[in-house]
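Here is my note on the model, as numbered points. Please read it with the structure open.

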Amino acid sequence: MLSRLDVQGFSRRALNPVKRLVSAWWRRQSPSRQDRFATLGPLLSVVLFLAAIVSAFWYLRNEEIEREAEAVKRDTEMAQQQIRSRLIDNEDQLIPLQRDLANRAIDNLEFTQRAMAIARNRPEITHITWLNARRERRVSVAAIGEQADSLMTLEGGDPSMPNGHANSEPERAFQAARDRRTRVYSGAFPDANNTTVFQIQLPLSDRGGFAGVLIAEYAVEGLLRYSVPNELTSRHAVAVLDPREQVVASTVTPMPGKRVTRAPIYYEVPMAPAPGLVLRGQGYRTSIGLISNTLFWMVMALSVLTVWMLLGTWKHMRRRAQVQNALAAETNFRRAMENSMLTGMRAMDLETRISYVNPAFCAMTGFAESELIGRKPPFPYWPPDRYEENLRLLQQEMQGRSPAGGSEVKVMRKDGSIFDARMYVSPLIDPKGKQNGWMTSMTNITEAKRVRDQLSASHERFTTVLEGLDAAVSVLSVQQGELLFANRSYRLWFGADPKGHAMLAGSQLGNAPGGGKDTAYDASYAADEEVDDYGGLPAQHLTEVGGDSREVFIAQLDMWFDVRARYLQWTDGRLAQMLIATDITARRHAEAQQQQQAEKAQVTSRLITMGEMASSVAHELNQPLTAITNYCNGMVSRVRNDNIQKDDLIVALEKTAKQAQRAGQIIHRIRAFVKKSEPQRQPAFAASIVEDAVELAGIELRRRNVQIHTYVAQRLPVMRVDPILIEQVLLNLLKNAAEAIDNAALPPSRRHIELRVVPKHSAELGANIEFSVTDMGPGLPVEVIERMYEAFFSTKADGLGIGLGLCRSIIESHQGRIRAENLYNGPSIVGCRFAFTIPVDIPRPEPQLTSLDKGGETGTGTAHNTAATP
């Protein structure tokens, strides 16, 4: 057996690991969490105590109810046994009387005597009656022991008498006794006195036949009173219920006018052998309920009071913890701010003794906090040569006359180096509103002063650059119309008058920058016409808009200016417009001369083309002239021989006139092509331009034995171009293609050119008409394609190199594009294609034919084939 000390030692050793775990867990908790657990522990204990009390009351109450229910069950079953025993005992007393009546051993008088003896000892029996088989009363003895002539008669309507109707309980019992020849208990029914009764009917037999019944009628209330012992009724109430669960008899008499309710504890058993009747035992708890228990409510009130006090304590501790956390957070935040501030903070008391410095102040001066706290003037960071000045500033600060913008001072670091600083001084007020010192903030402005000096120097350099510009730079306030800035060039041309800015700005004054068009203004421009359309808009959106270049002519100065304008926000926040005007008068004059030279070059190019085609033109004119000569000689000969009719003469003259007209058309086309004229944009149709160009090129094509195929799409839009210039481009491209084919000595199958005019539409160029010239020649080398638009570059030995460059200039002057590309069949070049586009101002047209690459021509265009005549 283990001793008590051994058991205690074993328990202590077993609990030590648990204690260590709990202690380690407790130490890991924060102080606020420990306070929370310390508050919630008692609260949890009180709640558990209250739960234990409620559980105990509930358990005791349930145990009492179970004991009472068991007692009610036991007493109800005992009452059932007592009633059954009494009914069986009464049945034993009636059986001898039944047997004697069946054997006719007794008469009416003897029956009456023996029935009276049974009724006197059985108070629950209301009467004993002898009926024959025809339901006729022979003898009826009442409970008082006397014969009652008014009982059990058919004429009196007694409910206890079997009356032959099936809805009567006595009748049903009578029929059952007659049919089964055994004793039968009837159901409960009210008798003539409205007392609930039931009957036992014993059948009488006579030589095997039915001779009647012996009836003993029981009062239910009497049976309950005389059968159930008093000690049982004193403990519990016993009641008898009919099939409708109505109380017909009870050991407890209910109060008049009150409805009988079922007890909370009850037990029901059938009151056998009487059918349909139920015996109910009812019990009541002797102790008071949980709700009405004073002790329970006292414990509940004390528990609630304790919980309320603990909750109040927990809330108070929680608020206190929140205040402590907020104070700690605020302190940490202020300390973090002080430690992270780049501004040095210094506090002095009223005796000018330093009471506080932050880390930034120590970092600036190089002195530790311990070296500064408690020091009085002169402070260690004062330069020795500035003691008097710093002392004067300190006294000025103590008197409250410190400048609002702060004071610039020199500060000496611990290592002896000097830096510039700006100090701001303000009174230090305590929470009670009383001044207890001075607070000083110090900022190192060495770098700021250096930047400021650099900015000043940069501003001077910038101003010098602007003053040295040949362009006029001006800035005008949009709202006030005030000239904010003007450089030397502006002042030289316009003086200090803002009207010069208005003349340069033109329609852009107060409008978003646009431009690209030339605008001419004279000196009579009125300043009152300046309108600010954007004065009320945010400056940021206007300043983000860039400006395009505009060329403006100032008649007063007889000068052209390239003007760039944009909006900007001036240094004081006002919206302003800046203009940069560059003198381009010399450039404009050069451009005018260049344009004249270009026009001369176009005419020269046409003349050169006609010169190159001179032999072809001569051959072309020789044919109609030879025909005219032949016709004239023939007519002269026949007229001399008088061998011509009038009709033949008219036909010959018509043919002669037709050949002369043909020669005149050729001369007219050539003359119109080479005629010198100013470029003139006018509405023109592509078909007319192509027809004229093909007529002129046909001369050269026929001489070189080259065929041309033309296709012009129908319903092409009208172009606004110079027809002669576009015709010149087409003629140049057709002539170059013919020369390339002829110089390459290609076979007849490849000696043809295709000219196509179709509508196009692209996202980049929009709606346009494309002219393309495709030949089956040898193509162009890559280096030639890269340089063929250069001036004076030519692959011909006698070429001047102005043809394709001039073509490009003409097309681009019409806002079109020209391009050249080789055609390939695998790696081999099988031709070359020149194409140019002319834009038109219409929606995208639907082309009427498919691409050349799809093989063949489809659509409703007009095609012409011109074959060479060898």
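1. Start with the surface. In this predicted model, Trp58, Tyr59 and Leu60 make a nonpolar patch of about 390 Å². Leu60 is found in helix H2, which covers residues 31-103. Leu60 counts as exposed because its relative accessibility is 52%, and the cut-off for exposed is over 50%.

2. Next, the chain as a whole. There are 870 residues, and 38% of them are buried. The secondary structure comes to 21 helices and 29 strands. The accessible surface is about 50100 Å². Carbon and sulfur atoms hold 54% of that surface. Among contacts with a separation of 6 or more, 59% are between residues 24 or more positions apart.

3. Now the backbone. Most peptide bonds are trans, and most residues other than glycine have a negative phi. Check the following cases against that background.

4. Which peptide bonds are cis? One runs from Ala272 to Pro273, with omega near 10°. Pro273 lies in the loop between strand E9 (265-270) and strand E10 (278-283). Another cis bond joins Pro377 and Pro378, and its omega is about 0°. Pro378 sits in the loop between helix H9 (369-372) and helix H10 (387-398).

5. Two arginines deserve a look. Arg135 has a positive phi, near 65°. Its place is the loop between strand E1 (125-132) and strand E2 (137-142). Is Arg135 buried or exposed? Arg135 is buried, because its relative accessible area is 18% and the cut-off for buried is under 20%.

6. Arg715 also has a positive phi, near 55°. The loop that holds Arg715 lies between strand E23 (707-712) and strand E24 (719-721). Arg715 is exposed, with a relative accessible area of 63%.

7. On to a sheet. Four strands form an open sheet in the order E8-E7-E10-E9, with antiparallel pairing. Strand E8 (247-250) and E9 are the edge strands, so each pairs on one side only. On average, neighbouring strands of this sheet are turned by 25° against each other, direction ignored. Helix H5 (residues 220-227) packs on the sheet. H5 touches strand E7 (237-241), E8 and E10, and the direction of H5 makes about 30° with that of E8.

8. Look at one pair within that sheet. E9 and E10 are joined by six bridges in the antiparallel sense. Glu268 stands opposite Arg280 in E10. The loop between E9 and E10 is also where Pro273 lies.

9. Which strands pair with E28? Strand E26 (residues 766-775) is one partner, running antiparallel to strand E28 (residues 828-839) with eight bridges between them. Ser772 has Ala835 in E28 as its bridge partner. Strand E27 (residues 817-825) is also antiparallel to E28, through nine bridges. In that pairing, Leu823 has Gly831 in E28 as its bridge partner.

10. Last, the turn. E27 and E28 form a hairpin with two residues between the strands. Gly826 takes a positive phi near 75° in this hairpin. Arg135 and Arg715, by contrast, are residues other than glycine with a positive phi.

Notes. Residues numbered from 1 in each chain as written. Predicted model: local features only at pLDDT ≥ 70, side-chain atom pairs only at ≥ 80, totals over all residues. Heavy atoms only, no water. Patch = residues over 30% accessible without salt bridge, like charges linked within 9 Å, V, L, I, M, F, W, Y side chains within 5 Å. Areas by Shrake-Rupley, 256 points an atom, 1.4 Å probe, with all protein chains shown as cover. Salt bridge = Lys/Arg side-chain N within 4 Å of Asp/Glu carboxyl O. Buried < 20%, exposed > 50% of the residue type's maximum accessible area, 1.4 Å probe, protein only. Pairing = 2+ DSSP bridges. Axes fitted to C-alpha atoms, helices over the stretch in contact; angles between N-to-C directions. Contact = heavy atoms within 4.5 Å.
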